[in-house]
Amino acid sequence: MFENNEICKLLNIRYPILQGGMAWIGTAELASAVSNAGGLGIIGAGHMPPDILRAEIQKCKGWTDKPFGVNIMLMSPFVKEVMQVVIDERVPVVTTGAGNPGEYVPALKEIGTKVIPVVASVALAKRLVRSGADAVIAEGTESGGHIGEITTMALLPQVVDAVDVPVIGAGGIGDSRGMTAAFALGAKAVQMGSRFVMSEECIAHPDYKKMVLHAKDRSTVVTGRKLGHPARVLANKLTRKFEELEAAGASNEELEQLGVGSLHRATHEGDVQNGSVMIGEISGMLNDIKPVKQIIEDIVAGLPGVIDTIQQDCK
């Protein structure tokens, strides 16, 4: 299975499944586990200083001999230094978010790194492909964390039609049904974040995972629209405070200050009421915590059954 898949060939992986690059919890532990299980594990650089990222990359190299990637937030204050670390360490794959990686593409391509930006619109996808992207990740608003405005169902096929590189579907994908749907819309692979949060190897605080286990279909909200950086999170005391301040006409500075350190409070300290519990809209269907290997194998094993059901319904 997947011997002829474009993304598997491009990235030299067994299964066309990428792990989302999640700040604070997309660590070497998770990334190496995903890569060892046949997918592409991704270290989430977020706002990591370059020395911390280098240590994560070197740990990942020690735990897997398979390809892995680094997700770079182009709004990071350390972006230039982080890019240099990735080049020095010859990381096989770089995914990017929040900007255009064009100025860094030549140096990355020179060492053979595959560049795969995350996009939330057709226009951005076309622009980044012109800049030299090897593939793009079309991520719908269902995703956890920082999001765009278009749903996966609408965005993915439009991006597929607009570019001539492989497209990876992301947003609202967490099982065999979601992966099948993404492929039906033209994707050559999927990226999953929320599903991998609920893995044994993810270092997110147990209370973070417990809150996700208790989530329902409408448990997430979007904060930060006024700031221009919307993020999907589970509703809690922090999100209610955001809503109160926005309704009261708070300044951008006040809103930004409220968010400082909020993700770390949730992921590492377990403060899931005053921290930012980033997770996608599929949180309501994430009702177990399993090893990464089992997550991937269960999804792949379930694909033929989903396809058989579709074929039976179409007879």
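**Close-up 1. Strand 7 and strand 11 are joined by two bridges and run antiparallel.** The model shown here and in the other views is predicted. Strand 11 covers residues 231-234. Across the pairing, H146 is placed opposite A231 of strand 11.

**Close-up 2. W63 belongs to helix 3.** This helix spans residues 50-63. Apart from neighbours within four places in sequence, W63 makes contact with A28, E29, S32 and N36. Of these residues, A28 is 35 residues away from W63 in sequence, while the C-alpha to C-alpha distance between W63 and A28 is 8.1 Å.

**Close-up 3. The second largest pocket holds about 150 Å³ of space.** Its lining consists of E142, T152, M153, G171, G172, I173, R177, G178, A181, A182 and L185. Helix 7 (152-162) and helix 8 (176-184) are the elements that contribute two or more residues to this lining. Helix 8 supplies the largest share, four residues. By residue class, the lining of the second largest pocket has five nonpolar, four polar and two charged residues.

Key. Residues numbered from 1 in each chain as written. Predicted model: local features only at pLDDT ≥ 70, side-chain atom pairs only at ≥ 80, totals over all residues. Heavy atoms only, no water. Pairing = 2+ DSSP bridges. Contact = heavy atoms within 4.5 Å. 1 Å grid on protein atoms, 1.4 Å probe; cavity = no way out; pocket = protein on both sides within 12 Å on 5 of 7 lines; lining within 4 Å. Points joined across faces, edges and corners; volume = space filled by probe spheres on them. Nonpolar A, V, L, I, M, F, W, Y, C, P; charged D, E, K, R; others polar.
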